[in-house]
Amino acid sequence: MDFTFTAEHEQVRRAVREFAAREILPYIKENDRKQTFDRSLLPKMAAAGLLGISVPVRYGGAGFDYISLGIVAEELEYADTSARVIISVHNALNSLGVFQWGTEEQKQMFLVPQARGEKIAAFCLTEPGAGTDVAALRSVARRDGSDYIISGEKTWISLADVADHFLWFAKTDPHADPPHKGITAFMITRDMKGVTTGTIHGKLGVRAGNTGWVHCDEVRVPASHRIGFEGEGFKIAMSCLDNGRYTVAAGALGLTRAALDASLAYARSRKTFGVEIGQHQLVKRMISLMVQRVEIGRLLVYRAGWMKNMGMRNTRETALAKWYCTDASFESASDAIQIHGAYGYSDEYDVERFLRNSKGAVIYEGTRELQQLLQADYALGYREDKPLRCELPAYDPVYWQSEA
Amino acid sequence: MRYLICIKQTPDTAELPKVKPEEAASGRLSVQLVVNPWDEHALEGGIRMMETYGGEASAITVGGEDAIERLRSALAMGCKDATLVKDTTADAWGVATLLAAAVRKMGNVTYVITGQMTVDGNSGTLPVALGRALGWPVLTGVARVVSADEKGITVERIVGQARHTVTAPAPAVLAVVKEIGEPRYPTFINIRKAARAEIPVWTPADLGVKVPVPVVHMSDFRKPPAREAKVVLFNGTPDEAAQALLDALLAEKVL
Ligand SMILES: Cc1cc2nc3c(=O)[nH]c(=O)nc-3n(C[C@H](O)[C@H](O)[C@H](O)COP(=O)(O)OP(=O)(O)OC[C@H]3O[C@@H](n4cnc5c(N)ncnc54)[C@H](O)[C@@H]3O)c2cc1C
Ligand SMILES: Cc1cc2nc3c(=O)[nH]c(=O)nc-3n(C[C@H](O)[C@H](O)[C@H](O)COP(=O)(O)OP(=O)(O)OC[C@H]3O[C@@H](n4cnc5c(N)ncnc54)[C@H](O)[C@@H]3O)c2cc1C
């Protein structure tokens, strides 16, 4: 066993931390208050190589491993959840999906511009009537010669109003039994006729992020944009979530660390009853729980990252990390407010934003309840992962880093 | 064309107040060390010249082994290679002498680019000393490069609120100001290349020079005394407190 990060991992961590300190932290309070997504962040993330961090160099990425992807998510969410969400949907849910399931032609067409950050990517699964129950989705894709005609409505889509490429799940067979076998994945692009998008305002958290709806009205999509086979969409969505959840878990770990750091600083400076509040046992208890959550979270997250590097199936381990870390960040943010007393209850400090931001991740990419069902089903033997037609490739530094 | 960018390792600006005179004299600092912030602009300027006019941007520093990390930052920003001249004894003239020897050893440098000054020494003399040691023209306050080739360069200099456009033949020394451009982020691919790069280390002996004995010594530095703040709470009824506050303000001649 080896629990150490490599020197390269540490460099990635330092670089992302510097990036966040310069480009996110100075503006985040204002953007969060005004509910504005800072579009200028995307070209900066692209220039640094963040938008293709774990994609092989030959496909426009930076050629780093899956652990580096986790580190990027962790350090970005240490600054703000909205920045980590970009990594979750653009890098993990969409780009790694294309990397895993796309043909060589599709990788050239979609993955290369996405990894370079020239095109921004989103993931469109949730519909007004289908969240946890994915198989209930009602988007349809009807074959018409060499094209498909797609109609449907997606909602709660991160980067809806920003993205150029939408990984879209629709039913090619609305009468399939079981229903999830009728789902197929497509890459829809913003320039296609019939695509409209909008932003949802009034969210509890991630207010500096863009979340919205995407509507397809009889959109003509060439068959070359179909990712995987007809009927493979559900499996593709689930393997995209194996990567998305990993970045959500890593991000939540970053948020828990941020809550801990803010709490340590405040507990050392605020005095009651003649001593720093850090001296009170009940405050110590809250601090100690945060320390515990950081350490457990780190083990769960980077074990999942390591398994990805090794090419091992990690659906169970990633889901466990996602469940644990998102719950942990919500609890930690709440405790951090408690430690700050009334000051934590105002936006003078960051901890109230941490709490608002942390709640979303307990819902998206599989609610807490879904995660609990999954873990119980694995334990009870009701659930077992079968090999996929296309597995996520194990990290091979030579392949990842060579030009072609 | 080759652009040689001279950088220095200095304390992080935020850490400067923590530096003690004894530490400064010994050269062994316990604070966070970074690329001199002015030199980050020099790196940006040199890398932009490489991108615009072709050729190679290289970084060089005179310092101890630990300064290699700063050279890696220069590589991560986009310099093609970097060289350490190992010496911690030289003053500004000594550094200029070493850098001039390194430039001669390289043999193909078209433009030397420096920052405007360092945040620790603050003398701003290095570019001029280097020009003298090389016998090259020196352009200070460079805010924009208008054109450059093997034969010569035209730049805009910032002079107070005004701008001069000046021309000089190559090779030349340019000292740039921050208007030359915001330093870019290292890209992740360059970070990896930088981590793996072999950085040659040259000693004064390799360069065939003796480090001139420093003639300028810093014997002391003083920081402004920490400001003392007085906190007074005025008690009593609102009227009494207001009167006491008014008296105090009048006594302090604030009003
Ligand atoms: C900020 C944000 C960003 C998002 N970004 C995206 C995105 O980019 N792409 C995308 O496709 N979606 C996105 N979503 C949507 C998200 O994935 C869904 O909200 C989530 O899957 C839950 O679906 P739902 O909201 O319809 O809740 P429902 O499925 O209606 O669930 C409601 C409640 O019932 C519980 N429940 C449901 N079924 C069961 C069951 N079988 N057993 C026990 N409890 C159950 C749930 O746990 C939950 O508590 C985002 C959501 C948010 C908040
Ligand atoms: C919305 C809102 C409305 C309010 N309205 C009013 C109002 O109308 N009138 C009014 O007078 N006040 C009001 N308050 C103030 C409120 O009563 C105080 O915030 C509260 O008493 C806590 O004090 P504090 O914020 O200074 O936190 P602190 O006392 O600084 O406490 C900070 C942290 O240290 C912990 N701590 C402190 N001492 C100990 C100890 N000995 N052992 C263990 N832990 C300890 C606390 O539990 C807390 O977690 C309001 C606050 C809010 C948020």
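**Close-up 1: the residues around ligand 1.** In this predicted model, ligand 1 has 15 residues around it, and the ones that come nearest are A:Thr126, A:Thr132, A:Trp156, A:Thr367 and A:Glu369. Sorted by class, that shell holds eight nonpolar, five polar and two charged residues.

Close-up 2: Over at A:Glu369, a side-chain N or O atom is 2.7 Å from an oxygen atom of ligand 1. On its own, ligand 1 exposes 980 Å², and the protein buries 63% of that.

**Close-up 3: where the ligand 1 shell comes from.** Strand E3 (147-158) and helix H11 (368-380) of chain A each give two or more residues to the shell, with E3(A) giving the most, at three. Domain 2 (122-233) and domain 3 (235-399) of chain A each supply at least three residues.

**Close-up 4: the surroundings of ligand 2.** The residues around ligand 2 include A:Phe273, A:Ile277, A:Val283, A:Gln338 and A:Tyr345. Helix H9 (residues 315-344) of chain A gives the most to this shell, with four residues. By class, we're looking at six nonpolar, four polar and one charged residues.

**Close-up 5: polar contacts of ligand 2.** The side chain of A:Arg270 puts an N or O atom 2.6 Å from an oxygen atom of ligand 2. For nitrogen atoms of ligand 2, there's a polar side-chain atom of A:Thr272 at 2.9 Å and a side-chain N or O atom of A:His280 at 3.4 Å. Ligand 2 has 970 Å² of accessible area on its own, and the protein covers 44% of it.

How values were computed. Residues are numbered from 1 along each chain as its sequence is written. Chains are lettered from A and ligands numbered from 1 in the order in which they are written. This is a predicted model: local features need pLDDT of at least 70, side-chain atom pairs count only at pLDDT 80 or more; totals for chains, interfaces and linings use all residues. Side-chain values use heavy atoms; hydrogens and water are left out. A residue is near a molecule or strand if one of its heavy atoms lies within 4 Å of it. A polar contact is a pair of N or O atoms within 3.5 Å; within protein, one must be able to donate a hydrogen and the other to accept it, and residues adjacent in sequence count only if both atoms are side-chain atoms. Accessible areas come from the Shrake-Rupley method with a 1.4 Å probe; for residues, only the protein chains shown count as cover. Ala, Val, Leu, Ile, Met, Phe, Trp, Tyr, Cys and Pro count as nonpolar, Asp, Glu, Lys and Arg as charged, and the others, Gly among them, as polar. Domain bounds come from an automatic or database domain assignment.
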